[in-house]
Amino acid sequence: MKKILLLGIAVCTFTTLSACSNETKTSTNSENKHAAKTEYTINYSVNGSTFNVPESWSEKDGKDGNTKYFYPKDGMLLVLFSEVSPSIRSENARTEYLSGIKKGSLKNFTEKDGQEIGDDAYGWNVSYELNEASYNGAMIVVNVKGGILQFTMGTTDQTFETYRDAFNAIYQSLKYSPRSTDTSQPEASSQPAASTEQSKPEKATFSPTDTSDATIEAISTYGDYLTMTQKIIDEYLVNYENTFRGTYLESSLSEQRSEYAAAFDEQKKLYGNMTKQKLSITKSSLVDYLKTYRDTLNDYINRMKALVQ
């Protein structure tokens, strides 16, 4: 019997990224036939921070040594280091930083869906105009040693969603030296710290009881994403067992359990140290993926059910 593997997803396709010429292997599902796609990335450096970019994207250095440009087919990725003292975790610093961008060469620059990404970064979906062309994309700025590292990617003709996975993978591959101090931390409150802590309600643990659209849309962290993925897999395996018990397909259940467990372990390797990190510009892609993944598994059971009746 042919097998089903987890589909490739937003930030986390099943990839193994390493320095220099890295090989990315993505498992996909198409009528239950395995299809392997190999893509190579190249390791680049800006002011001591390193990251991986698809080999097919042409690269050009900026004039000051702190800037690099990369050109996929339909747009551009800018990587820029700036010697900025305030931490991007400060709202005032973010406002000032965005104001500086809006005074630059990117006309009608707008940002939305802003959200913290872990402790060191902040991200937005963005749109702007450059050389009389309109661009849509995303921007992530990261606190690094000595300043801020900015990743801004935009594509024309509403094509950014086809590049969002690649943009997220570039950020995920980033290696940098963190700042030794964080100037954004507020001064100590005059009120007792204990009373402040008591006023903060604890976030309930995400524990899905179904795989409905509403439940999937409720994920808020990468840990929630992993939990939801496991719930979809568990539900599929239970439905598979109940549907095909007593048929020739029942014999493949053990093999499928092992295969899905191995595939999910790959997910945990990539997200295991990010479970408490909030989803930001990646949430819409992850939510869409989970819905498609759930529907694909359900459709597979329905198709196979018709064959054994």
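Which residues does Leu226 touch, not counting residues up to four places away in sequence? Select Leu226 together with Phe264, Gln267, Lys268, Tyr271 and Thr275, the residues that Leu226 touches under that condition; contact means heavy atoms within 4.5 Å.

The model on display is predicted, so local features need pLDDT of at least 70 and side-chain atom pairs count only at pLDDT 80 or more, while totals for chains, interfaces and linings use all residues. Residues are numbered from 1 along each chain as its sequence is written, and side-chain values use heavy atoms, with hydrogens and water left out.

**First stop: Leu226**

Leu226 lies in helix H5, residues 222-244. Helices (H or I, at least four residues) and strands (E, at least two) are DSSP runs, numbered from the N terminus. Leu226 counts as buried because its relative accessibility is 8%; buried means under 20% relative accessible area, exposed over 50% and partly exposed in between, with a 1.4 Å probe and protein chains only. Next, select the C-alpha atoms of Leu226 and Thr275: they are separated by 8.0 Å, although the two residues are 49 residues apart along the chain.

**Second stop: H5 beside H7**

The axes of H5 and H7 come within 11 Å and cross at roughly 5°. Axes are lines fitted to C-alpha atoms, for helices over the stretch in contact, and angles run from 0 to 180 degrees between N-to-C directions. H5 is therefore roughly parallel to H7, a term for angles under 35 degrees. To see the contact, select residues including Tyr225, Ile232 and Tyr236 of H5 and Leu290, Tyr293 and Leu297 of H7.

Select Ile219, Tyr225, Tyr236, Tyr240 and Leu290, which have the most contacts inside the largest nonpolar core, a set of 29 residues. H5, helix H6 (253-271) and helix H7 (283-308) each give two or more residues to this core, and H5 provides the largest share, 10 residues. Apart from this core lies another, of 24 residues, among them Val53, Val142, Ile170 and Tyr171. A nonpolar core is a set of buried Ala, Val, Leu, Ile, Met, Phe, Trp, Tyr and Cys residues joined through side-chain atoms within 4.5 Å.

**Last stop: helix H1**

Move to H1, residues 91-102. Ala93, Arg94, Tyr97, Leu98 and Ile101 are buried there. Seen down the axis of H1, these buried residues fall within an arc of 130°, so they line one face of the helix; the arc is that of the directions from the helix axis to the C-beta atoms. On the other side of H1, Asn92 and Glu96 are exposed. Finally, select strand E6 (75-82) and strand E7 (107-117), which are among the elements covering the buried residues of H1.

Methods:
Expected span 1.5 Å × (residues − 1). Parallel < 35°, antiparallel > 145°, perpendicular 65-115°, else oblique.
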